[in-house]
Amino acid sequence: MKQIAITLLCAASIATTGTAQRSIDDILHQIESASPEMQAQRELTTALKTETKTGKFLSNPTVEMENMWGGADKVHNAELTVAQAFDFPTVYASRNKIARMQSSLYDKQEATFRQQFLLDAELLCIDIIHLTRLDELYRHRLDRALQMDEIYRKKMESGGASVLEYNKTKLELIDAQTQFDMNAAELQAKRRQLGTLTGNPDDTFADLQYPQRESLTDFEQISRNYLEDNPQIAGLKNEIDINQQTVTLNRGLSLPQFEVGYRHDFGGEGRYKGFLFGMSIPLFENKNTVKAAKAKVASSNVQLESTRKNLTSEVRRLYDQTLSLQQSIEAIRELIANQKVLDTLDKALEAGQINIVDYLTENEVILQSKERLFQMERDYHAAAAQLFRYEL
């Protein structure tokens with residue numbers, strides 16, 4: 001028995017039937033074009049970038065008209081004032097720079113959303129491929145269980161098998177049916193979820209295949225790409241630049257504001273006209289704004305460094321996990337020598353070389369070995385998808 005179990009375990013097959021026709025990339029391109037969430041994010045980015053173009057211009061000019069009459073001599077007096085207030089000239093330069101930086105930040109935030117959204121969709125595709133492979137495996141098990149149940153029912157009726165043996169096949173059938181149904185329900189739910197994203201709810205995605213991935217390259221290169229092409233890091237750098245420029249802006253706002261204009265007096269004693277000039281000295285309104293802006297710069301730097309450390313740790317974990325799974329899968333594949341173990345087991349049962357209990361036990365060993373390998377391949381592709389998320 002032990003020898004049979006070892007032989008069958010080594011012969012576990014990872015092959016699946018059917019010809020794959022679509023790649024995950026095809027699905028991701030479809031999602032990017034059809035997803036309402038992606039469209040909403042693009043529209044939001046456009047709106048936010050448009051908003052950055054406001055607030056960087058001169059304030060609105062003021063027009064004031066005074067009309068007064070009365071007094072003992074019934075004198076009528078009118079006055080017209082047109083004025084324009086403006087900040088110190090350096091303020092407008094700072095506001096323009098901040099507007100450009102803010103617009104760039106919104107682009108990076110959209111890129112972060114897009115990358116995470118497509119990564120989640122890719123992981124969903126990987127789950128569907130995994131569940132589809134299990135569906136085929138469990139379907140074969142169910143078919144065999146149905147055959148065995150029928151064979152042993154007839155044997156029991158003819159006296160060729162005991163009730164105990166028939167009950168074993170009945171329990172196997174119940175377990176196989178339950179396992180198949182549970183996996184099918186989860187697979188159907190995943191398919192509906194992905195169909196909602198692609199805009200095609202009737203698609204079964206049965207022809208999806210895992211991507212062909214090359215062996216991992218040097219960790220330093222992968223880590224560098226993972227960090228340099230990460231929109232989250234780029235966004236945090238952008239925020240630091242904005243906060244630094246805000247310091248400059250608040251310094252400019254601490255300088256006097258000016259007001260110039262034109263004034264025309266329609267008095268009873270004649271007309272008078274001339275220029276208006278005023279100045280606002282910011283003694284109270286902008287107090288501590290520079291200090292607060294500097295504190296935001298320091299906070300942004302700390303946040304960037306913390307995020308960089310966390311992502312460096314994450315890429316190390318994903319790299320090690322992917323490499324370990326890759327090596328384990330390759331090692332198991334080298335042990336596969338025969339893909340027709342179940343047929344051999346059937347013949348051994350028919351020839352009376354093993355009984356039904358041994359048959360079901362060995363069959364369980366084969367099933368578990370395939371499940372374990374399928375799970376390892378699923379975990380490998382999920383880890384690799386996260387490791388190479390910068391390629392999305």
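Colleague: Which residues line the largest cavity?

Modeller: R141, R144, A145, M148, E172, Y359, L360 and N363 line the largest cavity. This is a predicted model, in which local features need pLDDT of at least 70 and side-chain atom pairs pLDDT 80 or more, while totals for chains, interfaces and linings use all residues. Residues are numbered from 1 along each chain as its sequence is written, and side-chain values use heavy atoms, without hydrogens and water.

Colleague: How is a cavity identified, and what is the volume of the largest cavity?

Modeller: Rolling a probe the size of a water molecule over the atoms shows where empty space is left. A cavity is a set of points on a 1 Å grid over the protein atoms alone where a 1.4 Å probe fits but cannot get out; lining residues have an atom within 4 Å of a point. The count comes to one cavity of 30 Å³ or more. The largest cavity has a volume of about 50 Å³ (the space filled by probe spheres set on the points, joined across faces, edges and corners).

Colleague: Which helix supplies the largest share of that lining?

Modeller: Helix 4 does, with four residues; helices are DSSP runs of H or I with at least four residues, and strands are runs of E with at least two, numbered from the N terminus. Helix 4 (89-158) and helix 10 (356-387) each supply at least two lining residues.

Colleague: How many salt bridges does the structure hold?

Modeller: A salt bridge is a side-chain nitrogen of Lys or Arg within 4 Å of a carboxyl oxygen of Asp or Glu. The structure holds 19 of them. One of these joins E79 and R263, at 2.6 Å from N to O. That pair links distant parts of the chain, with E79 in strand 2 (residues 75-86) and R263 in strand 3 (residues 257-267), 184 residues apart. E79 counts as buried at 11%, whereas R263 is partly exposed at 40%.

Colleague: What separates R139 and D135?

Modeller: About one helical turn, because they are four residues apart in helix 4.

Definitions and conventions: 1 Å grid on protein atoms, 1.4 Å probe; cavity = no way out; pocket = protein on both sides within 12 Å on 5 of 7 lines; lining within 4 Å. Buried < 20%, exposed > 50% of the residue type's maximum accessible area, 1.4 Å probe, protein only.
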